[in-house]
Amino acid sequence: MATTAKIARDRKLAIAKEAKIPKLQCRHRNRCLRCGRPRGYLRKFKLCRICFRALALAGEVPGVIKASW
């Protein structure tokens, strides 16, 4: 036989679960616009490091030049 305290606690937990905001079902993952690679992503250019390097060396990314010193 359950005690009244246990019944009250169980009711509180049930109400709290119903009122809880559901968690996010999936999280956003930044991916390269060119190849879809999820790692090595550069936010400023929305590209992965590999695609960025290829485009930068070809001169297709404005404002980016190869460093030399």
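**Entry 1: contacts along the chain**

I began with contacts between residues at least 6 apart in sequence, and I found that 0% of them join residues at least 24 apart. I note here that the model I am reading is predicted.

**Entry 2: surface and burial**

I next looked up the accessible surface of the protein, which comes to about 6,900 Å², and I wrote down that 57% of this surface belongs to carbon and sulfur atoms. How many of the residues count as buried? Of the 69 residues of the protein, I found that 12% count as buried.

**Entry 3: the largest nonpolar core**

I listed the residues of the largest nonpolar core, which has eight members: Cys 32, Leu 47, Cys 48, Cys 51, Phe 52, Leu 55, Ala 56 and Val 61. Two elements give two or more residues to this core, namely strand S2 (47-48) and helix H2 (49-58). The largest share, four residues, comes from H2. I also followed Ala 56, a member of this core, and, leaving aside its neighbours within four places in sequence, I found Ala 56 in contact with Val 61 and Val 64.

**Entry 4: one aromatic pair**

My search for aromatic pairs turned up one in the structure. I reminded myself that a pair of aromatic rings is described by the distance of the centres and the angle of the planes. The rings are those of Phe 45 and Phe 52, with their centres 4.7 Å apart and their planes at 35°.

**Entry 5: the cysteines**

I searched the whole structure for disulfides and found zero. A disulfide is a covalent bond between the sulfur atoms of two cysteines. For Cys 35, which is in no disulfide, the nearest cysteine sulfur is that of Cys 51, 3.6 Å away. Cys 48 is likewise in no disulfide, and the nearest cysteine sulfur, again that of Cys 51, is 3.5 Å away. Is Cys 48 buried or exposed? Cys 48 is buried, with a relative accessible area of 0%, while Cys 35 is partly exposed, with a relative accessible area of 47%.

**Entry 6: Leu 33 and Lys 46**

Lastly I looked up two loop residues. Leu 33 is found in the loop between helix H1 (4-19) and strand S1 (41-42), and Lys 46 lies in the loop between S1 and S2. The two are 13 residues apart along the chain, and I noted that their C-alpha atoms are separated by 6.3 Å. Leu 33 is exposed, with a relative accessible area of 67%, whereas Lys 46 counts as partly exposed at 45% relative accessibility. I also checked the backbone of Lys 46, where phi is near 55°, a positive value in a residue other than glycine. Most residues other than glycine have a negative phi.

Conventions. Residues numbered from 1 in each chain as written. Predicted model: local features only at pLDDT ≥ 70, side-chain atom pairs only at ≥ 80, totals over all residues. Heavy atoms only, no water. Core = buried A, V, L, I, M, F, W, Y, C linked by side-chain atoms within 4.5 Å. Buried < 20%, exposed > 50% of the residue type's maximum accessible area, 1.4 Å probe, protein only. Contact = heavy atoms within 4.5 Å. Phe/Tyr/Trp six-rings, centres within 6.5 Å; stacked < 30°, edge-to-face > 60°. Areas by Shrake-Rupley, 256 points an atom, 1.4 Å probe, with all protein chains shown as cover. Disulfide = S-S within 2.5 Å.
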